[in-house]
Amino acid sequence: MKPARIVLSRRAGFDLQAVSQALNGLPAQSAARPGPWGNPFTIAEVMAETGLDKDGAQAEAVARHGRWIRGEIDGDKAPPPREKIRAELGGRNLACWCRAGSPCHVDTLLLLANE
């Protein structure tokens with residue numbers, strides 16, 4: 001099975017692992033902030049810096065995450081090594097708060113973790 005992106009929910013009774021198992025039988029890992037896999041570039045910060053609207057800032061924050069994780073730009077911390085991404089996220093569905101169909105840093109992590 002191919003790992004996929006899952007949208008986290010605050011709905012009562014939401015069970016990330018149950019949703020993941022029902023989706024494709026794989027375990028899940030949250031990649032949301034404040035955890036180690038969260039995008040260090042926030043939509044609010046990008047909006048304030050660039051003047052972009054929320055959707056544009058989200059796309060830019062995701063693009064920055066991709067450049068950061070590939071070592072093309074600096075962030076407040078060093079990006080995780082690809083070996084760690086593969087070891088800890090490979091073969092898992094990844095979950096974030098980004099709504100379905102919108103840009104999300106999880107898409108970059110899924111590609112790197114499962115290449």
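**Close-up views of a predicted model**

**View 1. Residues around the largest pocket.** In this predicted model, the largest pocket has a lining of 14 residues, and those nearest its centre are Arg-33, Asn-39, Ile-43, Cys-96 and Cys-98. The space inside the largest pocket comes to about 240 Å³. Sorted by class, the residues of this lining are 9 nonpolar, 4 polar and 1 charged.

**View 2. Helices at the largest pocket.** Helices H2 and H3 each contribute at least two residues to the lining of the largest pocket. The most comes from H3, which gives 3 residues.

**View 3. The aromatic pair of Phe-41 and Trp-68.** There is 1 aromatic pair in the structure. Its members are Phe-41 and Trp-68, whose ring centres are 6.3 Å apart; their planes stand at 80°, so the pair is edge-to-face. An angle over 60 degrees is what counts as edge-to-face. Phe-41 and Trp-68 are both buried.

**View 4. Where the aromatic pair sits in the chain.** Phe-41 belongs to the loop that runs between strand S2 (28-30) and helix H2 (43-50), while Trp-68 belongs to helix H3 (residues 54-69), so the pair ties together parts that are 27 residues apart in sequence.

**View 5. Arg-10 over the ring of Trp-97.** Arg-10 places its charged end over the ring of Trp-97. The distance from that charged end to the centre of the Trp-97 ring is 4.1 Å.

Notes:
Residues are numbered from 1 along each chain as its sequence is written. This is a predicted model: local features need pLDDT of at least 70, side-chain atom pairs count only at pLDDT 80 or more; totals for chains, interfaces and linings use all residues. Side-chain values use heavy atoms; hydrogens and water are left out. Rings of Phe, Tyr and Trp (its six-membered ring) pair if their centres lie within 6.5 Å; planes under 30 degrees apart count as stacked, over 60 as edge-to-face and the rest as tilted. Helices (H or I, at least four residues) and strands (E, at least two) are DSSP runs, numbered from the N terminus. Buried means under 20% relative accessible area, exposed over 50%, partly exposed in between (1.4 Å probe, protein chains only). A charge sits over a ring if NZ of Lys or CZ of Arg is within 6 Å of the ring centre and within 35 degrees of the ring normal. On a 1 Å grid over the protein atoms alone, a cavity is a set of points where a 1.4 Å probe fits but cannot get out, and a pocket is an open set with protein on both sides within 12 Å along at least five of seven lines; lining residues have an atom within 4 Å of a point. Grid points are joined across faces, edges and corners, and a volume is the space filled by probe spheres set on the points. Ala, Val, Leu, Ile, Met, Phe, Trp, Tyr, Cys and Pro count as nonpolar, Asp, Glu, Lys and Arg as charged, and the others, Gly among them, as polar.
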